[in-house]
Amino acid sequence: MNRFAGRPDTGGRLSSPSAKRNRDAILGVLQDVWTDPSGNILETASGSGEHAVHFARAFQAATIWPSDVDGPSLASIEAWRRHCGLDNLKSPIRLDVTATHWRSGTALPPLADTLDVIMSINMIHIAPWSACEGLLEGAGARLKPDGMLFVYGPFRQRGVVTAESNLEFDRSLRSRNSEWGLRELEVVCECASRFGLKLSKTVAMPANNLSVIFKRQGA
């Protein structure tokens, strides 16, 4: 699936229309729920890198670690990092959340050993279920006690009518890959609880999306 529009410019920076549309709304929620915006924040599946740049500008006391598993995305993230010259934005890390070393909490230099925030934006529905499960397991292993996992995207919810646009999107995803599709929020929460993550808050977002905030429980 091509997440980007057009071609990279001469600097190699890719552009994601959805990132430009949703970055301010996501930042607003993050500013509300992250009461001490400092420490280390990891973004999984950073894509073009535009979200990471946006967050680095907003949270200058924090260290932003972008990541992706896709080569062109990693190149774009690095191009954005060099273009913007933000000291708190680190070079991208090649990260596969389904990998055993991520899920187990094994050290991944230069990534910080413990994290204050992990963000996943528009990933778990455009990936197999193993990626969602891996994200949750790794977050449970790597977040500091009371650290936050922030997941954004479209969901299904029990007892809530799913918007027709989301149903159409779900059908389109599944037609491209049978392992993709909108996840049921309650199933994601049940899986998160197995890894020491408790649902803290959900926030309705534009275009029938949700911001879902989990907190890591205890040590």
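This is a predicted model: local features need pLDDT of at least 70, side-chain atom pairs count only at pLDDT 80 or more; totals for chains, interfaces and linings use all residues.

Visitor: Which side chain does E133 meet in a salt bridge?

Guide: First the general idea: side chains of opposite charge can pair when their charged atoms come close. In this structure, E133 pairs with R103, at 3.3 Å from N to O. R103, at a relative accessible area of 16%, is buried.

Visitor: Which residues are linked with R103 and E133 in a network of salt bridges?

Guide: The network also takes in E137 and R194.

Visitor: How many salt bridges does a search of the whole structure find?

Guide: The search finds 11. One of them joins D116 and K144, with N and O 3.5 Å apart. Here the pair ties together parts that are 28 residues apart in sequence, because D116 belongs to strand β4 (residues 115–121) and K144 to strand β5 (residues 143–153).

Visitor: Are D116 and K144 buried or partly exposed?

Guide: D116 is buried, at 18% relative accessibility. K144 is partly exposed, at 32%.

Visitor: Where do E78 and R81, which form a salt bridge, lie?

Guide: Both are in helix α3 (residues 71–84). They are three residues apart there, so about one helical turn separates them. The closest N and O atoms of E78 and R81 are 2.8 Å apart. E78 itself is buried, with 16% relative accessibility.

Visitor: Now the cysteines. How many disulfides does the structure hold?

Guide: In general, a disulfide is a covalent bond between the sulfur atoms of two cysteines. This structure holds zero disulfides. Take C132, which is in no disulfide. Its nearest cysteine sulfur belongs to C191 and is 6.0 Å away, while a disulfide needs the two sulfur atoms within 2.5 Å.

Visitor: Is C132 buried or exposed?

Guide: C132 is buried, at 1% relative accessibility. C84 is another buried cysteine, with a relative accessible area of 18%.

Visitor: What should I look at again in the view?

Guide: Return to the network of R103, E133, E137 and R194, then find C132 and the sulfur of C191.

Note on methods
Residues are numbered from 1 along each chain as its sequence is written. Side-chain values use heavy atoms; hydrogens and water are left out. A salt bridge is a side-chain nitrogen of Lys or Arg within 4 Å of a carboxyl oxygen of Asp or Glu. Helices (H or I, at least four residues) and strands (E, at least two) are DSSP runs, numbered from the N terminus. Buried means under 20% relative accessible area, exposed over 50%, partly exposed in between (1.4 Å probe, protein chains only).
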